[in-house]
Amino acid sequence: MSRRQTDSDLHRFTLWVLFLIAAISCCMAYYSFSVSLKGNSDTIFVGSSESWRGNEEEREGDGCCRGVEHLELWGDAMKWGSDFKLNSSEECCRACKEMCEGDDGPCLCDSWVFCGNKQDCGSRFGECWLKKQTDALDPDWRDSGDNVIWTSGLVFGKGEGIIKLKTEHGIVNVKLFPDCAPHSVYYILELLSLQHCAGCQFYRAESRGNSWDLQGNHIEHAPYGPPYALIQGTVDAYGTVFKDIPQEACPTIRRGSIAWVGSGPDFFISLANHHEWKKAYTVFGQVLPEDMEIVEKISQLPTIPDVWSNVKVAVLERPVPLRFIRMKKSP
């Protein structure tokens with residue numbers, strides 16, 4: 001015999017339905033953004049929670065300690081690997097970080113080199129070389145390739161590793177994350193050496209609308225887009241060959257985060273804290289808070305409505321050229 005639905009039963013049922021609707025809405029918002037990140041090459045990146053599950057536990061910020069395999073960086077030795085052996089490249093990276101003076105002081109060590117393959121390294125297995133570059137934004141590459149037995153990485157202190165993103169609307173200062181996204185940062189550092197970056201531009205701009213406040217926090221009960229609170233562009237410079245960036249650290253997208261669309265060269269700068277996007281995008285830098293007003297300005301430029309994979313987007317009427325440049329060296 002069926003049981004009569006009491007008021008409490010109806011209340012519990014209503015709450016369950018509301019919870020289910022909210023969950024579906026979040027999933028649809030995340031899916032809509034993923035399929036709407038469309039590059040100039042007409043490729044679409046769709047993030048899958050299953051494929052990115054391994055990064056859910058990735059620690060953010062200073063928790064990262066990654067390097068590039070089959071790469072040897074040169075530089076003045078602060079600690080000799082022949083006398084300093086560790087168990088992993090992560091431990092070697094952390095040893096380098098520990099040589100940074102305070103929160104804002106310079107790092108006595110800004111690069112590390114580790115030999116972690118027992119068979120290939122032989123007696124050098126475990127060697128951790130802590131080094132100091134003459135110019136950390138132009139590191140001294142000793143060797144690279146499959147035959148190189150070393151893994152190397154860069155470390156920037158809190159006041160270091162800042163470059164400029166130049167546009168006609170102003171210059172945006174960007175802090176790079178080489179310990180979280182080394183492959184990504186090495187590519188950006190390569191762009192610094194170019195005399196120009198023809199083809200590099202922002203082509204999509206969407207404001208925070210009525211969904212996110214000035215601090216980038218989502219407004220309760222507001223939709224998650226459109227607009228999606230971002231500006232999107234590409235760094236596929238004419239005359240250069242872009243090699244897909246492998247998946248790296250994927251922390252939560254926050255206001256000011258700079259992340260790849262898929263494997264690049266398309267990227268976006270977020271104007272909001274997008275917890276609903278999960279941890280699906282490699283973040284390689286952060287816009288300094290005082291420069292977000294320039295990003296906001298670009299997001300307000302005139303746009304043309306378009307549809308990418310059944311998702312409404314806003315494309316700039318006139319793309320905004322961009323170029324990564326280095327800060328002037330202190331005298």
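R142 lies over the face of W74, 4.0 Å from the ring centre; a charge is said to sit over a ring if NZ of Lys or CZ of Arg is within 6 Å of the ring centre and within 35 degrees of the ring normal. The model is predicted, so local features need pLDDT of at least 70 and side-chain atom pairs count only at pLDDT 80 or more, while totals for chains, interfaces and linings use all residues. Residues are numbered from 1 along each chain as its sequence is written, and side-chain values use heavy atoms, with hydrogens and water left out.

**Disulfides**

- A search of the whole structure finds 7 disulfides, a disulfide being a pair of cysteine sulfur atoms within 2.5 Å.
- A disulfide is a covalent bond between the sulfur atoms of two cysteines.
- One of them joins C65 and C93, with the sulfur atoms 2.1 Å apart, and the link is left-handed at -85 degrees about the S-S bond.
- C65 lies in the loop between helix 1 (7-36) and strand 1 (68-69) and C93 in helix 2, so this pair ties together parts that are 28 residues apart in sequence. Helices (H or I, at least four residues) and strands (E, at least two) are DSSP runs, numbered from the N terminus.
- C65 counts as buried because its relative accessibility is 10%, and C93 is buried with a relative accessible area of 0%. Here buried means under 20% relative accessible area, exposed over 50%, and partly exposed in between (1.4 Å probe, protein chains only).
- Another disulfide joins C92 to C128, S to S 2.0 Å, and this link is right-handed with 85 degrees about the S-S bond. The pair links distant parts of the chain, with C92 in helix 2 and C128 in strand 5, 36 residues apart. Both C92 and C128 are buried.
- C115 and C121 also form a disulfide, with 1.8 Å between their sulfur atoms; their link is left-handed, at -105 degrees about the S-S bond. C115 is buried at a relative accessible area of 0%, and C121 counts as buried at 6% relative accessibility.
- C250, by contrast, is in no disulfide; the nearest cysteine sulfur, that of C64, is 9.8 Å away. C250 is buried, with a relative accessible area of 0%.

- Helix 2 (residues 89-97) has C92, C93, A95, C96 and K97 as its buried residues.
- Strand 4 (111-115) and strand 5 are among the elements that cover those buried residues; contact means heavy atoms within 4.5 Å.
- F125 sits in the loop between helix 3 (118-121) and strand 5 (128-132).
- F125 counts as partly exposed because its relative accessibility is 26%.
- Leaving aside residues up to four places away in sequence, F125 touches K85, C115, G116, N117 and K118.
- F125 and S82 are 43 residues apart in sequence, and their C-alpha atoms are 9.7 Å apart in space.

- Strand 11 (residues 230-234) is largely enclosed by the rest of the structure, because 5 of its 5 residues are buried.
- Both faces of strand 11 are covered, with L230, Q232 and T234 buried on one side and I231 and G233 buried on the other.
- R204 has Q232 in strand 11 as its bridge partner.
- Strand 13 (residues 266-270) is also joined to strand 11 by 5 bridges, again antiparallel. There, L230 has S270 as its bridge partner.

**Aromatic pairs**

- The count comes to 11 aromatic pairs. Rings of Phe, Tyr and Trp (its six-membered ring) pair if their centres lie within 6.5 Å; planes under 30 degrees apart count as stacked, over 60 as edge-to-face and the rest as tilted.
- The rings of W141 and Y186 have centres 5.4 Å apart and planes at 65 degrees, so the pair is edge-to-face. This pair links distant parts of the chain, W141 in strand 6 (residues 141-144) and Y186 in helix 4 (residues 182-192), 45 residues apart.
- W141 counts as partly exposed at 39% relative accessibility, whereas Y186 counts as buried at 6%.
- W277 and Y281 form an edge-to-face pair too, 6.4 Å centre to centre with 75 degrees between the planes. Both W277 and Y281 are buried.
- Y187, F242, W260 and F284 are linked into a cluster by ring pairs.

Technical notes. Pairing = 2+ DSSP bridges.
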